[in-house]
Amino acid sequence: MQCPKCHAPMHTYNRNGVQIEQCSGCRGIFLDYGELEALTRLEGQYGGGPVVPPPPAAPQYPAAPGAPAWGAPQHGGGHYGGHGGHHGGHHRNRGFGHMLFSS
Amino acid sequence: MTTHPLLAELTLRVRTEAHSGKEKACACGAAILADRPDATVVRHADTVAKAHAPDTTPADLAPRLATAARLPGILLPPLGETPVDLHGRLVTFWPYGEAVDPENPEAAPWEAAATLLAHLHRTPARPGLPPMRGPVKAAHAVARLLAATREGYALPVLRAWLTLPAWARGEAPMVDTTTLCHGDLHLGQLVRHPAPGGPWRLIDVDDLGVGEPAWDLARPAAWYACGLLPPEDWSRFLGAYRAADGPAVPAGGDPWPALDVPARALTVQTAARAIVKAIEADRALDDVELAVVEACDRMGSTPPQLANGFAK
């Protein structure tokens, strides 16, 4: 798979029986559902430390490439274009075509 | 066709250049590729003549031409390095290259553009090369906006401009004084040479110089941030730049600390130009132009990120 953040290829590693994907570019790690909890449980077994409660079902990796705080609203983790957003794909019109070619 | 003495003379000179002065008449026909206050560009067969901006000096143009002549794998090389004086304008000659079709921006060569920029940024700049002109051009666009209006949509644009550091407004030197930059990257700055079907090359050395390389990535970054360029295209561009070891952004992780200030500046420049154009044409802003002004408005409430977090 490709890294959702920097698009470099991701490689699969096995950590104590848990499959994780790590990006060859930015070294970011992708965890499937339940894998963080599995790793946390293992950490508790090996280290004897406190078991960190799993976070609520929040995504563990941003779904879209990063964007600045002043970016268009659809960058806030939402779906880009395609379903009628104000700044969606329909901007690929003449106006934007012209902008692409001017200083 | 309306014409003026410079255009008429340039049309003659490019024909002479194209045919090495041997033929008196031909059927090639001439095409005006651009005729703006800052540049007149005429093509004849496989030769293009460019009259540079009136304020272009030989001292600034010479090292820029020399750079293009010595990097034929990145920049389109000129036909000769000595400009001709024509009606007080410096004129240079170039081989014709096939541009990106403006009616088909989906065919934009994002990977090629990014790879060429990465190679350019990794090339040592020749001594005597002046600073890249990106920030000065942004300041020029804002000055024109101020002259045209200080009301309505101009207000968020001017506010966003004032949040930028002095270097990005062309009011202080850039910190980076060694990296070779294009200075005005957009899709009109790429041609295939030899045409048709040759490899992509960057054209237009008028703003080329040393400075902050993130400026060259900042137009696509700004279009993406404004919600105009699809994330796939932005990812292709950024990914290819990183794959070619471009130095403007860190190899992995968040590129925005490096891109934020230049992308803001180019968003402001684009908005300023759009407002001035709309005023001159006595029309309203279109959706695309409004998206850029809205981005300036949002900048007012989020201070610029600092780019000092990674080594170059």
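Which residues does Val268(B) touch, not counting residues up to four places away in sequence?

**View 1. The surroundings of Val268(B) in the predicted model.** Leaving aside residues up to four places away in sequence, Val268(B) touches Ala138(B), Val142(B), Val157(B), Ala160(B), Trp161(B) and Cys296(B), where two residues are in contact if their C-beta atoms, placed from the backbone, lie within 7 Å. Local features of this predicted model need pLDDT of at least 70 and side-chain atom pairs count only at pLDDT 80 or more, while totals for chains, interfaces and linings use all residues. Residues are numbered from 1 along each chain as its sequence is written, and chains are lettered from A and ligands numbered from 1 in the order in which they are written.

**View 2. The largest nonpolar core.** This core has 91 residues, and those with the most contacts inside it are Val157(B), Ala225(B) and Val268(B). It is a set of buried Ala, Val, Leu, Ile, Met, Phe, Trp, Tyr and Cys residues joined through C-beta atoms within 7 Å, buried meaning that 20 or more other C-beta atoms lie within 10 Å of a residue's own. Helix α8 of chain B, residues 256–280, gives the most to this core, with 11 residues; helices here are DSSP runs (H or I, at least four residues) and strands likewise (E, at least two), numbered from the N terminus.

**View 3. Helices α6(B) and α7(B).** The axes of α6 (residues 214–225) and α7 (residues 231–243), both of chain B, come within 9 Å and cross at roughly 155°, with axes fitted to C-alpha atoms over the stretch in contact and angles running from 0 to 180 degrees between N-to-C directions. That angle makes α6(B) roughly antiparallel to α7(B), because angles over 145 degrees count as such. The contact is made by Leu217(B), Pro220(B) and Tyr224(B) of α6(B) together with Pro231(B), Trp234(B), Phe237(B) and Tyr241(B) of α7(B). These residues divide into 7 nonpolar, no polar and no charged, where Ala, Val, Leu, Ile, Met, Phe, Trp, Tyr, Cys and Pro are nonpolar, Asp, Glu, Lys and Arg charged, and the others, Gly among them, polar.

View 4. Chain A has 2 helices and 3 strands, which run β-β-β-α-α from the N terminus on, and 18% of its 103 residues count as buried. Across the interface, 34 residues of chain B are in contact with 28 residues of chain A. On the side of chain B that touches chain A, the elements giving two or more residues are α7, α8 and α9 (287–299), and α9(B) gives the most, with 7 residues. The residues of that side divide into 16 nonpolar, 9 polar and 9 charged.

Technical notes: Parallel < 35°, antiparallel > 145°, perpendicular 65-115°, else oblique. Buried ≥ 20, exposed ≤ 12 C-beta atoms within 10 Å, placed from the backbone.
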